[in-house]
Amino acid sequence: MKTIIIGAGCAGLTAAQVLLAAGETDITILEAQGRAGGRMVTYSKNGYHVDMAAQLVHPGYHSAKQLIHDLGMDDELVVSSMDGLRIFDGRNLIIPAPTESMPELGKTLAWMDQMGGPENFGKFAAYVESYCKEKMYEGSVDWFVDELDDKGNFRDFVIENFGEGLLHGFVEPVTAAVGLCYPENIGIWFGLQIMWTVLAGEASLLKRGIGSLADAVISQCGDRIRTNTPVKKVVIENGKATGVITEDGFLAADRIICAVTANHALEILEDAPYEMTDALARVTYCPCIPTLILVDKSKFKFDGIGALFMRKLNAPFGVMSFKAAQSPQSVPEGKDAITCFVYEDGARKLWDKSEKEIADAVIDAMEMAIPGIRDAVEGYCAVRFPEANYLMEAGTSTAIKDFRDNHYKCVDSLYLCGEYMYTGSYESAIAAGRRAAEVALGKLKSI
């Protein structure tokens, strides 16, 4: 049976791996870009192995862990704690937890007071835990849609229930760091999940980066992957997908797995029924420019794993993430690599700038928290992702869930998958790719 997979990102590669493991061999993977891997991309040069997009393997990332296990890479996982995160308010790098240092404790308590005090923060954390713990994770098909999904945006929800202080002191920095977005641009459900990602604590990394996971699948696929081959249209005849049209003409297929972003899927599914395209049309994305700054660790001092920037600082990024403390294997001795995610307005402003101009803007903002760090810079790298994260605006979850539950098979032999099927993460994309392949194989009835 001939299978065409559109997209060689997280979802497409996972679908291919599942099909190959099931003994399927007649597979062609069409990728529009010049490389495969999507958001599973790692900067691997001169002893550095630093992720540029997808980063952590969180405790609830069951599908990513399954893929890692299936590829025999369990020993590559390194546990990392979130305890070293700091909050930067423009003056102080705040430790967001009790500390034995009296000066640091004073900063922490002042930060807590601005958010309504420890009781208000505890109330918020308890609410997030009660809503999220053991009830949902990013690649779950069982996540629920309740009355919160169409009740406005996460910013207004936080202000109404926990106050503006907590919004500015914690929610905005975390949303920028994890969701690459502003809280007013996402739904309540997605916002709670982002908070839980940080509050849940411990996570893991791969020693040679998430890109090594993509490389393992790419190696299995071999010449089945065709890069620089964009699909112009999925051909649908009499309710059945029969093939695709590329610049080289028509390619017939017995089944098609469409593993691209929702907006790209809309472009190539012009003959698909309304029930499918209406759900896809509701999906929105944020742009992001992950920027990597390579530094000499001996030339500056920082004792955490990263710093979350408050929104009032107007920094182009939401977090500085230091890799040496999280995964020593990922950087050469004496060096460090700092990842900054330039997001939303910052990304739009810098989108057409040169790599050096982007790096300069990032370094200027870093200087606010670590004066003199510019002198430690030894290199940089920036990549652009126009659809970096699915934002899950209010009501989108309900529309996608209805599509999954009731219209997923409205076109025979066509199987959609991507991060938008669940939530905005590479875990969701991996989960969707796996389940779409299992539906195609007849192992599951629904994605």
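In β2, which residue is the bridge partner of I6? Hold that thought for a moment, everyone.

What we have here is a predicted model, where local features need pLDDT of at least 70, side-chain atom pairs count only at pLDDT 80 or more, and totals for chains, interfaces and linings use all residues. Residues are numbered from 1 along each chain as its sequence is written, and side-chain values use heavy atoms, with hydrogens and water left out.

Back to I6: its partner in β2 is L30. Strands here are DSSP runs of E with at least two residues, and helices are runs of H or I with at least four, both numbered from the N terminus. Strands β1 (residues 3-6) and β2 (residues 27-30) pair in the parallel sense over 4 bridges; pairing requires that DSSP finds at least two bridges between the strands. I6 also stands opposite C258 in β13, and 4 bridges join β1 to β13, again parallel.

Moving along, 3 bridges join β13 in parallel to β20 (residues 414-416), with I256 opposite L414. Put together, 5 strands form an open, parallel sheet in the order β9-β2-β1-β13-β20. β9 (225-226) and β20 stand at the edges with a single partner strand each, so one side of each has no neighbour in the sheet.

Now, a closer look at β13. In a regular strand, side chains alternate between the two faces of the sheet. R255 and I257 on one side of β13, and I256 and C258 on the other, are all buried, meaning under 20% relative accessible area with a 1.4 Å probe, protein chains only.

Thanks, everyone!

Definitions and conventions: Buried means under 20% relative accessible area, exposed over 50%, partly exposed in between (1.4 Å probe, protein chains only).
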